[in-house]
Amino acid sequence: MTPGADPLAYAPDSVPHPGETLQDTLDALGIPQADLARRAGLSTKHINQVIKGTAPLSPDTALLLERTTGVPAAMWNALEAAYRTQQAREEESKSLTSRVDWLSHFPLAELAKLKVLPNREKTTANLLKLLDWFGVADPDTAEDVWRNYRTAFRRSTVQEPAERTAAEYATAVWLRLAELRARQLVKELAPQPYSKHKLTALLPKLRALTLTGQDTWADKLPRLCAEVGVAVVFVPALPKTKVSGATRWLTSDTVMVALSDRFKRDDQFWFSFFHELGHVLLHGKRLTFMDDSDNLRSGTQTDPAEDEANEFAASTLIPHTHAAAYQQLRARPTPFTLIEAFARNAGISPGVVVGRLQHDGALNWSHGNNLKRPVELT
């Protein structure tokens, strides 16, 4: 269903043309077609064409029928509109039959699991449902819309070309899920207009949430950020995607920050969150940023904006006031009680500290992970 569509709206599979209703009305009133034509000032041929459905029932004719039959013009117009709309649907369905293979690009099993599609079959009906869900007219229009995001998609993928294509479409699904959740969040929380000053002032409080469990931050994070115009949403990672987070402006006053749970640990989650806030605070409103979990972990960025967002996240989580103490810890990170002590003094999650030490090469990626907290988004 298209977002915002009335779930109770009746959309029958077959709609009779209004001429059938007109003939039933004439039969009930005992009025021959020729008599109706004389009363309405129309030709018998035209009345016959309307009844057979070969001529449209215009608004002018609807008014004449209102006077001659007593049936309101609004009803005739509604019958005509419903019939023409159904005809257009049928023509659209026929034209899209040749585009069903477009569905092959998408993770159909996941779309069925998410109830976006009723099943994973490549059918015209499923193609129409997917277009409705994306809110686009046809596959070509969808590709045009996504072309603006293509650079962002490719920045978030490192696969071979064929795999990259599959990843781009899976990422498009993930981003759409994020957009729909963000727009729903906007309705529920009614965010304040975005304020760079207020977001900057909020950073210490957001940083302190790293000390809390998911049952706390999952509720507080979106609410706090809504107060400064940031719609934070959580979207589980999808197969074939490596996206850890995304930033996209929904309006000039509201920016979406979407986060995934690809590595399911708090160090990655919080770094991704502050990385996205770096994009919000440092970069333009016209860009969409899709950030790759692997690149964030390895630091192998090629985009200066990504480097800037990485530096912002790192310096926010472990600020310069704790730089000297961190360097001492980096030189000697074990026993792990030293990490816990540093985390307490810095007011940050031990898992975040472990992740930073692993990134900096002071700890093996397999060491200290018991200090990280799990992240499981739904």
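**Close-up views of a predicted model**

View 1. F106 is buried, with a relative accessible area of 6%. This value, like the others in these legends, comes from a predicted model. By the ring-pairing rule, the count comes to 18 aromatic pairs. In the pair shown here, the ring centres of F106 and Y169 are 5.1 Å apart and the planes stand at 75°, so the arrangement is edge-to-face. The two residues are 63 residues apart: F106 sits in the loop between α5 and α6 (108–113), while Y169 belongs to helix α10 (residues 161–189).

View 2. W133 and F134 make an edge-to-face pair, with 5.0 Å from centre to centre and 65° between the planes. Both W133 and F134 are buried.

View 3. Five of the five residues of β3 (residues 255–259) are buried, so the strand is largely enclosed by the rest of the structure. In a regular strand, side chains alternate between the two faces of the sheet. Here V255, V257 and L259 point one way, M256 and A258 point the other way, and all are buried. Strand β1 (residues 230–234) pairs with β3 in the parallel sense over five bridges, and A231 has M256 as its bridge partner in β3. Strand β2 (residues 243–249) runs antiparallel to β3, again joined by five bridges; look for T247, whose bridge partner in β3 is V257. β2 and β3 form a hairpin, with five residues between them.

**View 4. Helix α1 packs with helix α5.** Two packed helices are described by the angle between their axes and the distance between the axes. For α1 (residues 18–29) and α5 (residues 73–96), the angle is about 145° and the axes are 9 Å apart. On the α1 side you will find P18, T21, L22 and T25, meeting M75, W76, L79, E80 and Y83 of α5. The residues of this contact divide into six nonpolar, two polar and one charged.

**View 5. Two charged side chains lie over aromatic rings.** K285 lies over the face of W249, at 4.8 Å from the ring centre. In a second example, R356 lies over the face of Y326, at 4.9 Å from the ring centre.

Terms used
Residues are numbered from 1 along each chain as its sequence is written. This is a predicted model: local features need pLDDT of at least 70, side-chain atom pairs count only at pLDDT 80 or more; totals for chains, interfaces and linings use all residues. Side-chain values use heavy atoms; hydrogens and water are left out. Axes are lines fitted to C-alpha atoms, for helices over the stretch in contact, and angles run from 0 to 180 degrees between N-to-C directions. Helices (H or I, at least four residues) and strands (E, at least two) are DSSP runs, numbered from the N terminus. Contact means heavy atoms within 4.5 Å. Ala, Val, Leu, Ile, Met, Phe, Trp, Tyr, Cys and Pro count as nonpolar, Asp, Glu, Lys and Arg as charged, and the others, Gly among them, as polar. Buried means under 20% relative accessible area, exposed over 50%, partly exposed in between (1.4 Å probe, protein chains only). Two strands pair if DSSP finds at least two bridges between them. Rings of Phe, Tyr and Trp (its six-membered ring) pair if their centres lie within 6.5 Å; planes under 30 degrees apart count as stacked, over 60 as edge-to-face and the rest as tilted. A charge sits over a ring if NZ of Lys or CZ of Arg is within 6 Å of the ring centre and within 35 degrees of the ring normal.
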